[in-house]
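Dear colleague,

I am handing over the structure we spoke of, and my notes on what was found in it follow below. Please read them with the coordinates open beside you.

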Amino acid sequence: MSIYHDEVEIEDFEYDEEEEMYYYPCPCGDRFQISKEELFEGEEVATCPSCSLIVKVIYDPEMFKAEEDEETALNEKLGDLKLETN
């Protein structure tokens, strides 16, 4: 059983679109981090790379599942359009 330093809502994390990573300040001075992919997979623990603290991320997994499904559909449509133009 893990002991969480805190429970933090995903809305309180800062999102880096380029890295597809969520960050939240850690008391040690670094940042807790969890990737968008980890959230897609149902992960709920954000870790700090500089210390042993962890936080539980409060979020709706269905929100990320819906976003993933939407991205998949868009990628399929783009693939179809590329085939049509060739």
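A salt bridge is counted here where a side-chain nitrogen of Lys or Arg comes within 4 Å of a carboxyl oxygen of Asp or Glu. By that criterion the structure, which is a predicted model, holds one salt bridge. The partners are Lys56 and Glu44, whose closest N and O atoms are 4.0 Å apart. Because Lys56 lies in strand E6 (residues 54-58) and Glu44 in the loop between H1 and E5, the pair ties together parts that are twelve residues apart in sequence. Both residues are partly exposed, Lys56 with a relative accessible area of 22% and Glu44 with one of 31%.

On the surface there is also a patch of negative charge, in which Glu17, Glu20, Glu37, Glu38, Glu41 and Glu43 gather. Of these, Glu43 is found in the loop between helix H1 (36-40) and strand E5 (45-47), and Glu43 is partly exposed, with a relative accessible area of 34%.

As for the cysteines, the structure holds zero disulfides, a disulfide being a pair of cysteine sulfur atoms within 2.5 Å. The sulfur of Cys26 has its closest cysteine sulfur in Cys51, at 3.6 Å, which is too far for a bond, and Cys26 is buried, with a relative accessible area of 7%. Cys48 is likewise in no disulfide, the nearest cysteine sulfur being that of Cys28, 3.6 Å away; Cys48 is buried, with a relative accessible area of 5%.

Definitions and conventions:
Residues are numbered from 1 along each chain as its sequence is written. This is a predicted model: local features need pLDDT of at least 70, side-chain atom pairs count only at pLDDT 80 or more; totals for chains, interfaces and linings use all residues. Side-chain values use heavy atoms; hydrogens and water are left out. Patches are made of residues with over 30% relative accessible area and no salt bridge: like charges are joined within 9 Å, nonpolar side chains (Val, Leu, Ile, Met, Phe, Trp, Tyr) within 5 Å. Accessible areas come from the Shrake-Rupley method with a 1.4 Å probe; for residues, only the protein chains shown count as cover. Lys and Arg count as positive and Asp and Glu as negative; His and the chain ends are not counted. The place of a charge is taken as NZ of Lys, CZ of Arg, CG of Asp or CD of Glu. Helices (H or I, at least four residues) and strands (E, at least two) are DSSP runs, numbered from the N terminus. Buried means under 20% relative accessible area, exposed over 50%, partly exposed in between (1.4 Å probe, protein chains only).
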